[in-house]
Amino acid sequence: MTMDSGSRPSSEKEAPVTDKALSVAVRPDGIAVVTFDVPGATMNTLRADFVAEFTRVVGEIAHNPDVRAAVLISGKRDSFIAGADIDMLEAIETAADAEAMVRRGHHAVAGLAKLDKPLVAAVHGPALGGGFEVALACNGRVLSDSPKTVLGLPEVQLGLLPGLSGLQRLAALTSLQVALDYGLTGKNMRPRQAKSLGVADDVVPAPILLEVAVELAKKLAAGERPKRRRKSRLSPEGLTKLALEDNPLGRSLLFKKAREAFRKKTGGHYPAPEHIVDLLERYAADGLEASQEQEAQSFATLVTSDVSKNLRSIFFATTALKKDNGVDDASVEPRDVKKVAVLGAGLMGAGIAYVSIDKGYQVRMKDRDQAAVGRGIGYVAGILDERVKRRRLERPGRAERMGRLSTTVDYRGMEDADLVIEAVFEDLALKQRVLREVEEACGADVIFASNTSSIPIAKIAEASSRPENVVGMHYFSPVHKMPLLEVIRTAKTADEVVATAVRVGKKQGKTVIVVNDGVGFYTSRALGPYMNEASYLLTEGVAVETIDRALTSFGWPVGPLTLVDEVGIDVAAHVGPIMLEAFGDRLLPPPTIERLVADGRKGRKNERGFYRYGGDEKRKKGKSGKEVDVTVYSVLGLEVPNADKPPVPMEEIRERCNLQFVNEAFHCFGEGILRSPRDGDIGAIFGLGFPPFLGGPFRYVDAQGPARVLERIERYEDRFGARWTPAPALVDLARHGRKSYG
Ligand code: NAI
């Protein structure tokens with residue numbers, strides 16, 4: 001009998017064809033195979049209305065004398081249960097409704113857990129959130145060894161906690177520390193880790209998944225105890241558990257440490273981790289049932305909170321963007337891209353080459369000489385090696401990827417490239433020259449994409465004989481880590497070309513927004529006034545670290561002056577005048593940057609900027625070595641300020657920088673640079689680190705009220721003049737009492 005995880009043995013073909021999600025087929029050997037297969041969906045997700053079905057199936061198994069044990073498997077090809085249906089969460093109106101829903105879920109899952117016959121989950125594909133929780137409530141778990149199989153409790157990423165007691169069951173199966181770790185990070189657990197943690201009884205190839213799960217169910221029915229791996233009490237993990245988890249004092253230390261660690265990261269902006277730790281603490285003290293009441297209340301509080309709603313809005317926006325071809329006409333098909341050429345093997349070029357070979361593209365990477373090419377290869381190999389070291393990639397996978405990368409110092413081997421992405425120096429004449437060279441060396445249909453961070457694409461395209469094939473693909477550094485790609489179209493770029501750039505970006509694993517051309521596009525432009533305002537505050541006598549702290553405590557990952565150091569003071573100095581020319585006094589920078597450049601400060605890259613960096617030695621020891629370089633004040637003709645007594649209140653520092661960012665985002669929207677507030681929010685969060693819990697600049701303004709935001713901006717305009725000119729699109733919203741989102 002051949003089976004795979006998606007098909008069932010022929011003796012069960014009589015299983016009723018039903019419009020229900022769960023079906024039961026009893027095998028001659030007394031094992032009931034319960035198949036979960038949500039009708040009409042490509043992936044299984046959990047919905048509240050399945051509670052009755054789970055209860056019915058549990059009853060059927062319990063009362064059928066022919067059934068010894070059961071296996072729960074998915075009827076979908078590549079997913080077990082991908083989590084709760086998030087649309088269902090949007091329909092929740094009150095906290096009381098949410099609590100009632102969680103209690104019904106508890107009841108259904110308790111039915112599985114308390115079944116007096118063994119139940120084994122056979123998991124192939126993602127078992128996330130509620131899916132993992134259902135598997136945890138079973139008596140055993142067999143996983144396929146497929147890379148598609150991942151377990152996890154990602155609820156925290158949506159500002160929630162797992163609501164089907166998955167945290168408690170994971171703690172019972174492993175340890176409180178493991179449950180805290182997976183609950184607080186939402187990270188994935190791979191089959192091999194699941195086995196070593198004692199979560200999985202077995203990991204087997206997908207074709208024999210069901211049969212192995214059936215055998216385990218039989219053994220459990222015969223009274224054998226699961227032989228899953230348990231750490232010895234004398235192993236280092238066992239001893240830590242003994243010291244920390246098996247006595248009240250150790251446990252309170254464990255929870256204290258967990259709280260300290262996440263508060264440092266979240267700055268208190270995200271309530272879900274607090275609830276997660278509280279729940280596990282309650283469970284450790286009083287057991288599963290006592291903790292479930294708290295679980296229901298916590299879930300209800302979180303699911304109705306603004307933070308979770310904002311985080312869910314980001315999820316919905318990225319899901320919508322995955323389906324968006326990037327142009328208004330949804331029927332436009334992208335061109336087929338097999339071979340990508342990358343010009344420039346520097347930081348960006350090598351990063352772009354890496355994300356391309358990683359996802360199956362053939363890549364030809366060109367730089368000026370062998371030394372530069374060699375550095376690019378070294379960069380790509382370094383990222384792959386790191387993945388191998390972390391066991392995220394096998395050696396053959398590494399070799400296969402490197403096999404897709406070839407290099408050159410001229411245009412040989414690029415004749416058949418479908419897409420050329422340039423990442424040479426930020427210099428218009430150079431970019432135009434390489435564009436002409438590409439048009440000469442490659443086929444007539446080749447798409448030329450520029451990774452410029454500030455030069456308008458139309459300017460570059462002036463050198464082109466086929467401007468319809470010229471587009472911007474603005475990646476962020478480091479390319480393999482940053483999730484955003486900003487695709488820029490000019491008035492002449494063909495829809496098909498835009499759609500192709502979007503598809504390539506998605507394949508490279510990016511969330512892609514499409515914006516219209518203009519100086520700084522959207523992302524670099526919104527950052528301009530934000531960074532400028534930080535520099536003005538500096539000239540008003542606010543200390544470097546105070547400015548940065550004001551913004552990190554608001555939820556930005558780094559402060560604006562650290563960001564200038566990261567981007568490069570020289571780069572900021574280069575872009576500043578271009579912005580000024582394009583947008584006038586609104587983008588007038590204070591004279592700080594010029595003076596810093598004259599002093600030879602480039603920021604992080606030469607370890608001299610607003611901060612001093614400790615050099616490689618300190619970094620090797622795991623210390624950043626970053627501290628404010630006080631000599632920066634004398635270079636700027638300023639007194640060394642008192643960081644603890646800023647002349648401008650912290651709240652004003654925060655507000656001025658943020659409102660500059662937000663106002664510029666609205667300028668971009670009003671001028672048609674952005675296609676939608678959604679894209680503005682996603683671009684700001686994924687490209688620049690705008691605090692995700694606020695949902696992005698447009699959602700932030702909606703929450704504050706456009707009229708109130710406008711009033712604040714106008715007050716600053718009265719004080720500081722032209723650089724605070726309010727965006728017409730914001731004025732419009734405020735006047736008409738409308739919001740950005742409907
Ligand atoms: P980089 O200086 O690390 O690399 C540029 C590379 O281009 C060098 O290896 C150089 O030898 C090579 N090159 C110069 N002329 C060439 C030619 N004719 N043919 C082939 N290669 C040539 O610079 P980076 O940081 O990689 O930036 C490249 C581009 O990406 C710039 O336009 C920059 O504005 C843009 N960008 C940079 C970001 C960053 O954070 N560094 C972020 C987003 C865009």
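1. Ser-165 is in contact (heavy atoms within 4.5 Å) with His-106, Glu-133, Leu-288, Gln-292 and Glu-295, leaving aside its neighbours within four places in sequence. The place of Ser-165 is the loop between strand 7 (151-152) and helix 5 (166-173); helices (H or I, at least four residues) and strands (E, at least two) are DSSP runs, numbered from the N terminus. Ser-165 counts as buried because its relative accessibility is 0%; buried means under 20% relative accessible area, exposed over 50%, and partly exposed in between, with a 1.4 Å probe and protein chains only. Its side chain makes a polar contact of 3.5 Å with that of His-106. Such a contact is a pair of N or O atoms within 3.5 Å; within protein, one must be able to donate a hydrogen and the other to accept it, and residues adjacent in sequence count only if both atoms are side-chain atoms.

2. This is a predicted model, in which local features need pLDDT of at least 70 and side-chain atom pairs count only at pLDDT 80 or more, while totals for chains, interfaces and linings use all residues. Residues are numbered from 1 along each chain as its sequence is written, and side-chain values use heavy atoms, with hydrogens and water left out.

3. An open sheet of 6 strands has the order 1-2-3-4-6-9 and mixed pairing; two strands pair if DSSP finds at least two bridges between them. Strand 1 (22-26) and strand 9 (202-204) are at the edges with a single partner strand each, so one side of each lacks a neighbour in the sheet. Within this sheet, strand 4 (residues 119-123) and strand 6 (residues 140-144) pair in the parallel sense over 4 bridges. Ala-121 stands opposite Arg-141 in strand 6.

4. In strand 16 (residues 484-489), 6 of 6 residues are buried. Leu-484, Glu-486 and Ile-488 point one way, and Leu-485, Val-487 and Arg-489 the other. Strand 16 runs antiparallel to strand 15 (residues 470-475), with 4 bridges, and Gly-472 stands opposite Ile-488. With strand 17 (residues 511-516), strand 16 runs parallel over 6 bridges.

5. The largest nonpolar core has 94 residues; Tyr-522, Tyr-530, Val-544, Phe-610, Phe-661 and Phe-666 have the most contacts inside it. Such a core is a set of buried Ala, Val, Leu, Ile, Met, Phe, Trp, Tyr and Cys residues joined through side-chain atoms within 4.5 Å. Helix 27 (residues 650-670) gives the most to this core, with 8 residues. A second, separate core of 78 residues includes Val-51, Leu-173, Val-199 and Leu-279.
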